[in-house]
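Student: I've got a model open and want to talk through how its parts pack. Can we start with the terms and then go piece by piece?

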Amino acid sequence: MSILGTRVVRTEDPRLLTVGGVYVDDLAIPELDGAVRATFIRSPVAHAAITGIDADAARRLPGVVAVLTAADIAEAMRPDKPMAEPLLAIDRVRYVGEPVALVLTDGTCQGEDAAELVAVEYEPLAPVVTVADALLAKTLLFPAAGTNIAGTGTAGRADPDRFGGCEVVVERTIVNQRVAPVPLEVRATAARWSDGRLTVWASTQNAQLARDTIARRLGLDKSAVRVIAPDVGGGFGAKVGIDRDALTVAWAAYHTRGSVRWAETRSENLSGMVHGRGQRQTIRIGGHRDGRVIAYQLSIVQDCGAYPRSGAFLASLTQLMASGVYDIPGCGADYQAVVTTTTPIAAYRGAGRPEATAAIERAMDLFAGQIGMDPVEVRRRNLVPAQAFPYRTATGAVYDTGDYASALATVLAGAGYEDLRAEQARRRERGDVVCVGIGVSCYVEITAADAASGETARLAIDGDGSATVYTGSSAHGQGHATAWAMLVQDELGIPMERVTVIHGDTDAIPEAVGTYGSRSLQLGGAAVHKAASQVRDKARQIAAQLIEASEADLELDRDHGFWQVRGDPTTALTWAQVAAGAGEDGLEADVRFTAPQPTFPFGAHLAVVEVDTETGKARLVRHVTVDDAGVIVNPVLAEGQRHGGIAQGAAQALLEEVRFDADGNPQTATLADYAAVTAPDLPSFELLDSVTPTTVNPLGVKGIGEAGTIGAMPAVQSAVIDAVAHLGVTHIDMPATPQHVWAAINEARAAR
Amino acid sequence: MNVTITVNGTPITADVADRTLLVQFLREAGGLTATNVGCDTTSCGACTVLLDGESVKSCTVLAAQVDGSAVTTLEGLASPDGQMHPVQRAFHAEHALQCGFCTPGMVMAAVSLLAENPDPTQDEVRAGLEGNLCRGTGYHHIVRAVLAAARAGREPA
Amino acid sequence: MIPAPFTYRRAGTVAEALEMAAESGEDAKYLAGGHSLLPLMKLRLAVPEVLIDIGRLREAAYVRDEGGHIAIGALTRHHDLATSGLLASRVPLLAYAAGCVGDPQVRHRGTIGGSLAHGDPAADLPAVILALDATLVAQGPGGTREIAAADFFQGLYETALAPGELLTEIRVKRPESAGWSFQKFTKRAIDWAIVGVAAQGDRVALVNMGMTPMRAVAVEQALAAGLAPEQAASHAADGTSPPEDINATAAYRQHLARVLVGRALAQARARG
């Protein structure tokens with residue numbers, strides 16, 4: 001029986017549970033003996049010219065090895081494009097938390113003491129805190145660029161007459177707020193220059209991408225840089241590649257020809273690490289009173305923060321996925337990405353797709369409210385039908401496979417939708433203070449959007465018959481080591497305990513893409529599968545020679561890992577014997593798997609929320625989901641991904657928001673202020689199964705890392721609004737904090 | 001100042017700065033790096049250890065304050081023969097960890113919770129873990145694991 | 001994150017603590033459980049030069065029945081208050097509220113004395129001792145004195161304790177009316193209260209509704225004048241100027257105060 005699809009607990013766990021992981025700051029290796037500690041001096045103001053830096057007092061403090069500023073950085077390493085980001089700030093700072101100088105100390109405690117002694121003179125400039133301010137362009141962040149707009153795009157239909165034939169048109173501007181990724185492990189980097197080579201230990205999702213960036217920015221040859229990702233304590237997109245701060249630490253090691261290590265504080269993390277989301281969206285939806293939607297326009301202003309990292313790109317994904325699961329021929333989308341004097345924005349779990357789903361789902365609810373139809377019914381009437389796949393959307397996506405109606409039906413039945421509506425009605429009739437709300441979302445998302453880049457895998461059979469997988473995917477909690485070993489066992493019959501998985505070291509795996517966009521299993525896993533197939537083919541040849549039989553007569557007994565003449569155990573050869581027969585070349589395969597196109601996981605979520613209408617407090621009491629990501633290799637891991645995703649989506653809907661005051665000062669710079677979701681804020685989740693395989697990879701798998709977030713956020717938001725809809729509330733921006741909900745109820749009452 | 005703390009049964013003595021936090025003592029003087037630091041505001045619980053048997057956040061305790069006390073970290077939880085503690089076993093069986101960063105603190109918080117309440121409800125488990133953030137699991141499998149460990153603790157071995 | 005440098009001194013007795021404080025002058029701070037002070041020191045919002053650790057004064061950690069009143073040692077931890085059988089039967093408001101402070105780890109270290117002496121209007125226990133009309137006992141170089149809870153909180157993080165004076169005991173008389181309620185309204189369980197209400201009989205106190213923890217005087221007066229609880233609750237925000245922050249506007253806090261006082265009074269009456 002195949003191990004695929006069975007509940008296998010993780011091989012990674014025993015170590016993590018008994019001695020703990022080895023994250024960058026835990027590294028106790030000879031290469032880092034004597035490494036100095038790096039502490040950043042960061043901008044305390046959102047926007048200012050730097051008129052002077054006096055580090056003399058800091059330099060005199062015992063233990064201080066150096067204080068480095070932009071003046072120490074070679075001209076060639078300075079940014080060459082108008083909005084490009086320097087390592088340390090040059091002349092101007094553009095967000096609170098921007099690195100201005102770096103103190104190197106020889107002990108762990110002095111860095112913060114020394115940082116307090118570095119005097120930086122700032123001449124304040126007007127802050128640009130909101131996207132509206134950015135568009136006004138009274139103040140430009142980059143005068144040389146002549147604009148605050150970092151990118152624009154359009155997709156799908158642009159003609160306004162799409163709405164002309166509609167009986168009902170609803171328009172609304174909504175916010176998909178800025179949130180903080182908050183990986184529990186903050187950013188950390190260690191770097192060592194030795195013998196003409198730079199080795200960097202980084203908390204990254206993509207060691208190879210990080211290496212390429214370091215080499216490019218420092219002007220080094222790729223072969224002169226090695227990046228190692230040890231255990232990584234969560235990433236969620238925010239640890240893609242290597243960011244400016246970590247790059248600066250790598251530069252400091254190169255510059256001083258020594259070893260440097262850095263681990264930021266959480267306060268630094270919350271204002272210095274990238275944030276996610278940050279879109280102002282104007283949704284316009286039109287259709288007929290029978291529930292059919294015929295036109296939809298999504299107009300986005302994406303906040304990039306101070307420097308356009310991947311902000312502009314994220315909005316293009318939102319645009320691509322604008323119509324979601326619905327067949328809306330008259331769908332169009334456009335975006336402007338702008339810079340503001342705030343922390344830069346980049347990928348965060350879902351990265352552009354949750355924003356699309358949140359917008360279209362909100363639009364569907366508003367449309368349903370306007371025509372007085374059950375929002376579930378409106379959805380049903382507009383879903384892309386199961387027989388329409390592959391389905392090309394108006395904005396240019398080609399959905400591979402799906403059955404959206406089935407997902408919706410499953411979730412409604414699983415949750416007991418009719419009973420929930422009845423309970424809602426009873427409470428409303430009784431005039432209960434605590435009302436119940438039901439939110440339903442249907443979603444489709446794009447995973448492995450860069451399928452053509454593919455992923456690498458090398459599989460080697462060792463002399464003792466064990467296997468080593470060198471994978472380009474990079475794990476930080478997803479369970480790759482377990483899943484990849486399962487794939488090898490399934491293909492080769494080598495028990496997974498005898499499969500070692502290596503990742504995140506550019507010397508061991510020179511070419512790879514790494515982990516983001518829910519790409520690992522469908523590209524990295526498929527690559528492992530492909531490598532295993534090639535190894536099997538080679539092994540068949542070798543075994544045939546060793547047994548002196550024809551290849552066609554051989555079989556691989558996958559239950560025992562033997563090669564033999566079909567039905568004749570006396571001829572059995574072990575993997576060790578076959579590997580020995582491979583000669584000097586060894587028995588291995590080195591592959592890159594690319595897919596012809598991305599995959600489009602889909603599903604439906606139903607959230608039940610209770611709202612205390614006197615205080616405005618909303619509580620998620622049930623969350624039921626279908627998340628169809630095609631074939632499931634390991635249900636345990638898939639559930640874990642769904643759970644975590646749901647939690648982050650619910651957290652954005654209910655609690656989490658990065659806030660700045662009018663001067664651009666962060667108001668959520670500690671975990672006491674940033675309301676990261678906790679265990680008592682959530683119920684246990686009710687997961688329902690659905691499997692619609694894809695045809696674009698041999699495993700039939702799609703991505704599942706972000707699906708939970710994408711489905712949960714709109715369902716929970718919708719449930720909160722639904723709970724107070726009878727009071728006249730039609731919209732509440734996220735997060736639906738008690739104050740927001742209370743304010744919405746008040747406004748609705750006042751309007752009546 | 002000179003501080004001696006018995007960590008996982010072994011006394012560790014070190015001459016440390018007065019401002020040294022317990023978590024630094026454990027990591028730097030003790031070389032025990034399972035205990036992680038995830039915040040600066042006593043919020044995340046990644047640094048949770050047992051102090052004289054009870055969960056505390058070691059980022060908000062001075063090493064000097066607990067001079068002479070006994071501390072248990074994740075590294076000291078399994079029995080000397082390597083047998084995992086029931087909470088560790090349950091975390092493994094229920095997939096209650098992903099990246100592993102919150103895990104040491106989460107496990108220690110769960111051990112303390114079960115010591116005080118061996119038969120908790122699901123809500124009590126959630127409330128008991130309110131001081132420990134996990135960003136990966138959505139807490140679902142963690143809660144299951146703690147309930148499973150409680151059940152295992154009640155059943156004869 | 002690490003505090004700025006300081007000198008650590010450990011006191012073995014109350015007398016020794018007072019002596020150390022006298023020697024160390026104004027830049028010294030007492031350190032009990034440290035769960036109010038150390039977080040501020042790590043953020044370098046507090047920079048004392050000397051810390052006098054009183055955490056080992058086990059003589060000051062107790063909950064005792066003294067006949068006329070319950071005596072609580074200032075170094076009694078929140079966890080021990082929350083699990084005290086004596087408090088559960090005699091002063092359940094305090095036991096329950098102590099179980100709402102922070103999270104389990106914080107309750108294993110934080111002490112009632114440390115919390116009260118910190119004088120944070122957003123903390124839970126200050127309002128509770130106001131509602132209980134407790135008496136606080138302080139020892140200083142000049143001897144021991146009693147301070148009524150109503151006189152203890154004097155400003156933002158300011159209390160009636162003189163420099164070097166040490167809070168040693170909290171005394172709670174048996175409440176005249178048995179009904180009690182503690183309403184803590186938060187976004188998340190671990191957060192500080194956006195607004196909180198402690199009620200013991202008709203004595204009502206508010207968390208996070210101004211610069212200090214405060215009695216809801218207008219509510220108490222309305223009750224005394226014979227108004228029904230729901231009418232009295234409508235006066236909960238009278239005379240308050242609550243803070244504005246990312247969680248709540250002043251108006252929202254005032255609204256919450258009215259709602260929560262109404263709930264507290266209803267629950268207290270139901271329990272009375």
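Predicted model: local features only at pLDDT ≥ 70, side-chain atom pairs only at ≥ 80, totals over all residues.

Student: How is chain B divided, and how many Å separate the centres of its domains?

Tutor: Chain B splits into domain 1, residues 2-76, and domain 2, residues 86-154. Taken over C-alpha atoms, the distance between the centres of domain 1 and domain 2 of chain B is 21 Å.

Student: How many residue pairs are in polar contact across the interface of domain 1 and domain 2 of chain B?

Tutor: On the domain 1 side, 18 residues are in contact with 13 residues of domain 2 of chain B. The two domains of chain B bury about 1100 Å² between them, 61% of it on carbon and sulfur atoms. Salt bridges between these domains number zero. For polar contact, with both residues at pLDDT 80 or more, the count is seven residue pairs.

Student: Which residues touch the most other members of the largest nonpolar core?

Tutor: That core has 88 residues. Leaving aside neighbours within four places in sequence, Phe91(B) contacts residues of both chains, including Asp13(A), Leu17(A), Met106(B) and Ile142(B). The residues touching the most other members are Phe91(B) and Tyr139(B).

Conventions. Residues numbered from 1 in each chain as written. Chains lettered and ligands numbered in written order. Heavy atoms only, no water. Core = buried A, V, L, I, M, F, W, Y, C linked by side-chain atoms within 4.5 Å. Buried < 20%, exposed > 50% of the residue type's maximum accessible area, 1.4 Å probe, protein only. Contact = heavy atoms within 4.5 Å. Domains from an automatic or database assignment. Buried area = accessible area lost by both parts, 1.4 Å probe. Salt bridge = Lys/Arg side-chain N within 4 Å of Asp/Glu carboxyl O. Polar contact = N/O pair within 3.5 Å; in protein donor to acceptor, adjacent residues only side chain to side chain.
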